[in-house]
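Dear colleague,

I am handing over the structure shown below. My findings follow it, for use when you begin your own reading.

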Amino acid sequence: MRTLRHHLFALLVLALVLAGCGRATPTAVPSSPTSEPTATPEQVATAAPTDTPPPTDVPEPTELPSLESNVLTGALESYVEGMDCFPEKVTVDDATGFEVTYHGSYKVVTVPEAWAGADRAYTYVLYQRGTPPPDGFDDATLIAVPVERVVSMSTSYLAQLDLLGVVDTLVGADSVAYASTHSVVARAEAGEIIEVGYGSDVNVEQVIDLDPSVVLTYGLGDEWDSHPKLLEAGVTTVLSAEAREADPLSRAEWIKFIALFYNREAQANEIFDAIVERYQSLIDLAADVTERPTVFLNAPWGDTWYMAGGQSYVAHLLRAAGADYLWSEDTSPDALYLDFETVYDQALDAEYWLHTSTWSTLDEALAMDERFGDFAAFQSGQVYNNNLRTNPSGGNDYWESGVINPDLMLADLIRIFHPELLPDHDLVYYQQLAPLTQE
Amino acid sequence: MTATTETHASLEDLPRRSAALSRVAFGGLVVALVLAFLLSLALGSVQIPLDQVVRVLAGGDAARDSWTKIVLTYRLPKALTAVLAGAALAVSGLQMQTFFRNPLADPSILGINAGASLGVAAVVLSAKTVAANTLLANLDVPGHLGLVASATIGAALVLVVVMVLARYVNTLTLLILGMMIGYLTNAVVSVLLYFSIADQVRAYVSWTFGSFASVTWRQMPVLAVASLVGLCLAFLLIKWLNAFLLGEGYAQSMGMPVRRARLWVVINSALLAGTVTAFCGPIGFLGVAVPHLCRALWGTADHRILIPASALMGAALALLADLAAQMPGSATVLPLNAITALLGAPVVIWVILRRTPMRAGGGW
């Protein structure tokens, strides 16, 4: 008997709740202006949070207002639905790691494969400040552009921010100790950049406290990644796959990717076109060489001698510089795990040796292992390392500004392999190892 | 240090294979060792025809200059290092198992390996990579010897602490203290790792994989002298080690100077383990598995058999592990420690699950 009463009471409560909900629905007012098919000037005036006076002469708009250039700071003040907020656009020519499409008030940026074997693509919808966020992108990250506060999780992005002139938006970085870009270092010394830690040790609380519009990071698909924690905490995180580009020009093209967040497409186009021109002229310069000197890379870590694959970034540069990389026939874009014997056997007579660990002198090489002295390149002194521009903490500018200076990297290599082609070029990133001090 | 007839009698009571079988086993082991040594010279990631290898070993030149150099400056010192390191680790592990009466004791139980790791970490993971390299270069200390020297200093520091403790505390306490020292030093290494950049971390981690290949002829004399001295010392300690098997109280009643004996066993084991770790990085499992294999094969706990047997078996297994890690014919290389674990762990499992003679006579 008591059970029946309880059931009846529950049913009654349920019925009342349902009735209440039913009554509430018809009275809800649709407040989003984007549901309206046509935008009249009066509605635009009430939607935009500015005090622009409504136009007195109000013909039905047959032509949408057009902007002369992208909005570089702040919000767009006179948005009319359907207008093109981004008259300056980029197209992705060489890079394969990202795509962008333009849709009036927003751009859709996709990173199909942020790391090798990534299980999903990452989509970012960049909508102009002052316009309503577009619907229908539940899976994507919506970001209002131009962004105003940025956290960078790699030194690779610093030089690009500097080149675009937006370093003043940098409020946080994984670490400033290894940065070489002057404007960033100066800003860090002034206390304007907060260090947030790297990889999976990123200090999420610190990042949230900085209230960034965007955190620029990369993923490797393993437990050292910082983005899972950041995404979980609701921080707007953008994954860059720039490091996966095997071609140096494609990697440099990612300056357009960064520019998209700042509406600085015009600037990025100018910069990249100049890079392409310089790079191409260097390729043409070295294209007709008759002799290609042999070269091998790196030094062993313990028992393993990592050697760049034949389709890797470095291999591309060496080929373009007119050298014969001993592992250029390999088809892998990743590093090969070789051992001392194998490299010794194939590279004993090679003419050049590049990218030698952290060494700056031949003494260091010999001290590491006296067998390095057997290599022909060692004996002729043709050993070069890409650590000429290293800051006191060990941060190497090759990986920082090098990204947007593939032409300088190529010029350095041409100067090394074919000095007669560029006699006046001073090495920017590379240095020849200092000769032996004894015997 | 004179053996008494009573001690001999009780030892001969231990069950073991007949003397003839024992000699056959030794003979077989020596043959296996020689074969493994020759295989190490003949096989590697670069395929060198056997006749070329023989020609180089006989003092001639191979068809290719690089082959001569590979056999003489790479494979030969590597094989020699494996022999010395394998023997040293096995004998060191055996002594630790006897001393602590613990079948799972290994050379690193006193924290010596951890001390060596701390020494290496202090050099490799110091804040400024570039500065550290130039510092070493300016001191005219060869870079790699810098690693060896720092590992030795680290190991020696821990050894001194352990030696002082060994005079005053009993065995069980020493075991626990050694383990705690190990944990402490590993904690410091962790903190150093945390604050290091990727390159430094990678350099340190590469060192922890263990390798017989990094010892060159220039460094060989130190390794050879230290290991051989340690091995000879172990032979001299045989009687004391056998006495330990019967319990410290009994040994003392037989006239063995227990304190001095303990000190020497600790020193010897630490010398062997520290030397190998300094030159090859921390190498695991050989020290634990080899003594058990020998006990099972010879059916005895008598150190007169076990010390030479462990030395030979350790050398042979080290050579085989190195061969397996090299993956002959392919250019890739696996970390040595992974292979020793793959070989050693099943052995330990098998031994523990079997009923072995050591339980009857060893007093575990």
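This is a predicted model: local features need pLDDT of at least 70, side-chain atom pairs count only at pLDDT 80 or more; totals for chains, interfaces and linings use all residues.

Most residues other than glycine have a negative phi, and most peptide bonds are trans.

Asp211(A) is not a glycine, yet its phi is positive, near 50°. This residue belongs to the loop between α5 (204-210) and β8 (214-217) of chain A. Is Asp211(A) buried or exposed? Asp211(A) has 12 C-beta neighbours inside 10 Å, and therefore counts as exposed.

In chain B, Arg101(B) also calls for attention: its phi is positive, about 50°, although the residue is not a glycine. Arg101(B) lies in the loop that runs between α4 and α5 (112-124) of chain B. Because 17 C-beta neighbours are found inside 10 Å, Arg101(B) counts as partly exposed.

The peptide bond between Val145(A) and Pro146(A) is cis, with omega at about 0°. Pro146(A) is placed in the loop between β4 and β5 (150-152) of chain A.

The next topic is the sheet in chain A. Four strands make up an open sheet with mixed pairing, and their order is β1-β2-β3-β4. The strands β1(A) and β2 (residues 106-111) of chain A run antiparallel and are joined by five bridges. Tyr102(A) is found opposite Lys107(A), which belongs to β2(A).

I turn now to the domains of chain A. The domain assignment gives domain 1 (99-275) and domain 2 (288-432). Taken over C-alpha atoms, the centres of these two domains of chain A are separated by 30 Å. Domain 1 of chain A brings 19 residues to the contact, and domain 2 of chain A brings 20 residues. On the side of domain 1 that touches domain 2, the elements giving two or more residues are α3 (158-164) and α7 (248-252) of chain A. The residues of that side of domain 1 comprise twelve nonpolar, five polar and two charged.

One further loop of chain A deserves a note. Gly381(A) sits between α13 (376-380) and β15 (383-385) of chain A. With 14 C-beta neighbours inside 10 Å, Gly381(A) is counted as partly exposed. Gly381(A) and Tyr352(A) are 29 residues apart in sequence, while their C-alpha atoms are 8.5 Å apart in space.

Finally, I describe the contact between the chains. How many residues does each chain give to it? Chain B gives 31 residues and chain A gives 28 residues. On the side of chain B that touches chain A, two or more residues come from each of α4 (65-100), α6 (129-138), α7 (143-168) and α9 (198-208) of chain B. The largest share of that side, six residues, is supplied by α4(B). By residue type, this side of chain B divides into 13 nonpolar, twelve polar and six charged.

With kind regards

How values were computed
Residues are numbered from 1 along each chain as its sequence is written. Chains are lettered from A and ligands numbered from 1 in the order in which they are written. Two residues are in contact if their C-beta atoms, placed from the backbone, lie within 7 Å. Ala, Val, Leu, Ile, Met, Phe, Trp, Tyr, Cys and Pro count as nonpolar, Asp, Glu, Lys and Arg as charged, and the others, Gly among them, as polar. Two strands pair if DSSP finds at least two bridges between them. Domain bounds come from an automatic or database domain assignment. A residue is buried if 20 or more other C-beta atoms lie within 10 Å of its own, exposed if 12 or fewer, and partly exposed in between; C-beta atoms are placed from the backbone.
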